[in-house]
Amino acid sequence: MPTPDHLILRELLAADPSWVSGARLATKLGVSRVAVWQHMEKLRAAGFTFEAQRARGYRIAARPATPHAALIETQLKVRPRGFSLLVLDETDSTNDEAARQLGAGRSAPFAVIARRQTKGRGRLGRAWHSESNGNLYLSVAFRPRVAPERMGAFTLWMGLNVCELLANFAKVSPGLKWPNDILFDGRKAGGILTEARIDADEMRDLVFGLGLNINSPAEGWPSLLGGRAISLSEVTGTPLDFNRLAAALIGRILLAYTKFTDGDYTQTFADLWHRFDVLRGREIALLEGGRRHAGTVAGLDDEGALLLRDSRGRTQRYRAGEVTIEKTP
Ligand code: BTN
C-alpha cells in the first residue's frame, strides 16, 4: 500500500527535472494542498530539497545521501509479490536482523538496509567496517526451495551480477576475486557474506549480505584498511546517488536469485566469469584452515570451487579460503 511519501516521490521522480503542481499532488494523495505541503516538509526533514514555485508547483532539487525507504521502493523496477524493505538507522548486523525477521515469520524475499552496523561481519569471523559514511550495508533474505548441495556457486553468481550491475550503473570496471571480493585495481570495494540455515538436509532460509563502499571519503578508513579499501565514488571521482544504486542492486539481486534457483544461469555465469574474474592464470596463495597452498589458478568447477595447479602439475579444488595474488602475469 503506497504511503503519501511514495505517491509524492512517484510523481516528482516521473516528472524530474520538470515540475508537478501542488493541485496534482493534492488530487493524487486525496488531501488538501496544505496537507501536501506538510508531507513535503516531512520529506525535507529526511534529506530532500525541493524547489517550490507558486505558478509551477514542486520539483526535486536534491535527494538524501543516506538510505530512504520510500525513495528506494519508488525506484525498484523488480518487486516480487510480498517483497518488503526495512531501512534502519542502526543495527548490529543486517544479516543478523534478517535472520531474526525470518525467525519471526516475515514473508520472504525481503531486504534490510542499515545506515550503520555496530557488529558488521565479514567472512572468516572478521569485522566489517560499518560506519554511517555513505556506504551500503544490505541483506536480502530468501526461503529457497532448493537442495543445499545446489547452492555451491550461489555467492559467486551473485557477486558476478553485482559486478555487472556496477559496471553498467557507474561505468566502472570492477573485478571479482574468488570467492566474494569486489575489487577495483586490487583494492576492495565490496564483500559478500551468504549465510544459510539448513535443517535435516533442507534449506530453511538464506541471507545474502552485501557490504559495498559507495560514497565514503578516501581519508575516512581506519589505518588497517587504508590503501586496501576503496569506494565507488573514489573510482568515479563523484558521489553516486545512493538510493538509486541501492534500488538497482536490490532489483538485480532479486532477479539473479530467481535465475539461480530456476537453474537458468550456467551460460551467463560462464560469460560473466570470463569478464569479471581477476584470478585467471594468476599465481596465488590460498589460506585454508591455517594451511597455505600455492599454485596457478586453473579455473572453477561446477560447484564454484577454485581449481589450483600446484608446482608438480596436480590440480586441487578448494571450496573456501583466502586468496593472495603472488605475481602479476
Ligand atoms: C567479506 O568480504 O568478508 C564479506 C563482508 C560482508 C559485509 C556485509 S555488510 C551487510 C551484511 N551484514 C553483515 O554483518 N555483513 C554483511
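Me: In which sense do β11 and β12 pair?
Reply: This is a predicted model. Strand β12 covers residues 306-309. Four bridges link it to β11, and the sense of the pairing is antiparallel.

Me: What is the bridge partner of Val297 in β12?
Reply: β11 and β12 form a hairpin, with five residues between them. Gly304 sits in that turn, and its phi is positive, about 85°. Across the pairing, the β12 partner of Val297 is Leu308.

Me: How many bridges join β10 to β11?
Reply: β10 spans residues 283-288 and β11 spans residues 291-300. They run antiparallel. The number of bridges joining β10 to β11 is six.

Me: Which residue in the turn between β10 and β11 has a positive phi?
Reply: These two strands also make a hairpin. Two residues lie between them. Phi is about 55° at the turn residue Gly289.

Me: What is omega for the peptide bond from Ala108 to Pro109?
Reply: Most peptide bonds are trans. This one is cis. Pro109 lies in the loop between α5 (94-103) and β4 (110-117). For the bond from Ala108 to Pro109, omega is near 5°.

Me: Is the peptide bond from Trp178 to Pro179 cis or trans?
Reply: Pro179 is in the loop between β6 (175-177) and β7 (181-184). Omega from Trp178 to Pro179 is near 0°. That bond is cis.

Me: What area is buried between domain 1 and domain 2?
Reply: The domain assignment puts domain 1 at 4-62 and domain 2 at 69-276. Their C-alpha centres are 32 Å apart. Six residues of domain 1 contact five of domain 2. Carbon and sulfur atoms give 81% of the buried area, which is about 450 Å².

Me: Which three residues supply 76% of the area that domain 1 buries against domain 2?
Reply: No other three residues of domain 1 supply more. The side of domain 1 that touches domain 2 has three nonpolar residues, one polar and two charged. The three asked for are His6, Leu9 and Leu13.

Me: How many salt bridges are there between domain 1 and domain 2?
Reply: One residue pair is in polar contact across this interface. The salt-bridge count between domain 1 and domain 2 is zero.

Conventions:
Residues numbered from 1 in each chain as written. Predicted model: local features only at pLDDT ≥ 70, side-chain atom pairs only at ≥ 80, totals over all residues. Heavy atoms only, no water. Domains from an automatic or database assignment. Contact = heavy atoms within 4.5 Å. Buried area = accessible area lost by both parts, 1.4 Å probe. Salt bridge = Lys/Arg side-chain N within 4 Å of Asp/Glu carboxyl O. Polar contact = N/O pair within 3.5 Å; in protein donor to acceptor, adjacent residues only side chain to side chain. Nonpolar A, V, L, I, M, F, W, Y, C, P; charged D, E, K, R; others polar. Pairing = 2+ DSSP bridges.
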